[in-house]
Amino acid sequence: MNSAVENSSMTKEKRWNIPPNAPACMEKHLCSVQYRADGTLLLGASNLTGRNWQGSVWIYSDPEQAPNEGFCKAGVQTEAGVTDAKWVSEKGVVVASDSGALELWELAEDERLLVHRFTKQDHDHIVTTVSPITGGSSAVTGSMDCQIKVWDLSQETVVSTFRVHTQPVNYVSCSPTDDSLFISCGQDGRLLLWDRRKPNKPASRIESPSCSLTTVAWHPHHRSTIAFGDELGRVTVNDFLGTKPAQVEAVHSRRVNGLAFSSHGAPLLASVSDDCTLAVMDCDLQEKLRDRRHQDFIKGLSWLHGSSSTLTTVGWDHLVLHHTVDAAGGGPSCSS
């Protein structure tokens, strides 16, 4: 009898092998998602409790198990609400906070514990976006205080502050091929290209103000090609060094929250929106997939590395949906 109870207890313990420090419950609003190169999934979550936002970060070795807390690889409660979370290295995670802080967490050797490295509150308002710089030792943040900051993560300090945007910064994205370049966009409608090698004039304007620009993504193979979205639901693809006119498509009926290119030779472009839909397009912005299963704002998306066909979306409905797109033109499939 005792043996049976012991075996039952061991089975139950193995099934719910929750890592140390992982919260018992994940917040409802999923705000960010990103795959590591090996397919490990990073989630950021937040929820308003009373008058305060609470947040947490979660890591899953099996993305199909997300957002089930009992099957996470590691998880931790953050000091405030999470607005963005990104892999900065194989074990490092940077978190943008609604307290105005940047947080750095690092996985322990067995990857079952997230260790706090630092929290630095250097912005005067919500940090809306964070983007790691190629190399893993630096990052760029943007905030509702209209400022952009470049961080030296190893020194736990801000090395540069830029005050060019006249309204809140919605998004920053560092070049995947040049560690000196990044792009920012904001509610002032300006899309700016930054070159940190030019201290006297670091920013040049790519797009003139028309409406609030919300997100931007770099093409994986063309160094001067980017895609950006706006609050009206439009997606634009533009080569900022070329003479070819920009391609513009009204993809969504509401604000575009995220854009991401896949990584194969002729990449697909995925976009998510406050209209609760995912759209996947080819290089000519022709629609390949439209998924409407989310029941609330879709806030994050990420393609699986080395794959042109699999991407994951998350939203305020607490859903983590996995999508497979046939780039050759066949029918898509989806799972949750």
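Leaving aside neighbours within four places in sequence, Leu114 is in contact (heavy atoms within 4.5 Å) with Val57, Ile59, Ala74, Gly75, Val76, Trp105, Glu106 and Leu107. The model is predicted: local features need pLDDT of at least 70, side-chain atom pairs count only at pLDDT 80 or more, and totals for chains, interfaces and linings use all residues. Residues are numbered from 1 along each chain as its sequence is written, and side-chain values use heavy atoms, with hydrogens and water left out.

Leu114 belongs to strand β8 (residues 114-121). Strands (E, at least two residues) are DSSP runs, numbered from the N terminus. Leu114 is buried, at a relative accessible area of 2%. Buried means under 20% relative accessible area, computed with a 1.4 Å probe on protein chains only. Lys73 is 41 residues from Leu114 in sequence, yet the C-alpha to C-alpha distance is 9.8 Å.

Ser131 is part of strand β9 (residues 127-133). Ser131 is also buried, with a relative accessible area of 7%. The side chain of Ser131 reaches the backbone nitrogen of Cys174 at 2.9 Å. Beyond residues up to four places away in sequence, Ser131 touches Ala139, Val140, Val172, Ser173 and Cys174.

Strands β11 (residues 148-152) and β12 (residues 157-162) pair in the antiparallel sense, over five bridges. Two strands pair if DSSP finds at least two bridges between them. Ile148 stands opposite Phe162 in β12. The two strands, β11 and β12, form a hairpin with four residues between them. In the turn, Glu156 has a positive phi of about 60°.

Spaces were located on a 1 Å grid over the protein atoms alone. A cavity is a set of points where a 1.4 Å probe fits but cannot get out. A pocket is an open set with protein on both sides within 12 Å along at least five of seven lines. Lining residues have an atom within 4 Å of a point. A volume is the space filled by probe spheres set on the points.

The structure holds one cavity of 30 Å³ or more. The largest cavity has a volume of about 30 Å³. Its lining includes Trp218, His219, His221 and Arg223.

The second largest pocket holds about 330 Å³ of space. Of its 19 lining residues, Thr225, Val237, Lys244, Gln247 and Cys283 are the closest to its centre. Strand β19 (residues 234-239) gives the most to this lining, with three residues.

Technical notes: Buried < 20%, exposed > 50% of the residue type's maximum accessible area, 1.4 Å probe, protein only. Polar contact = N/O pair within 3.5 Å; in protein donor to acceptor, adjacent residues only side chain to side chain.
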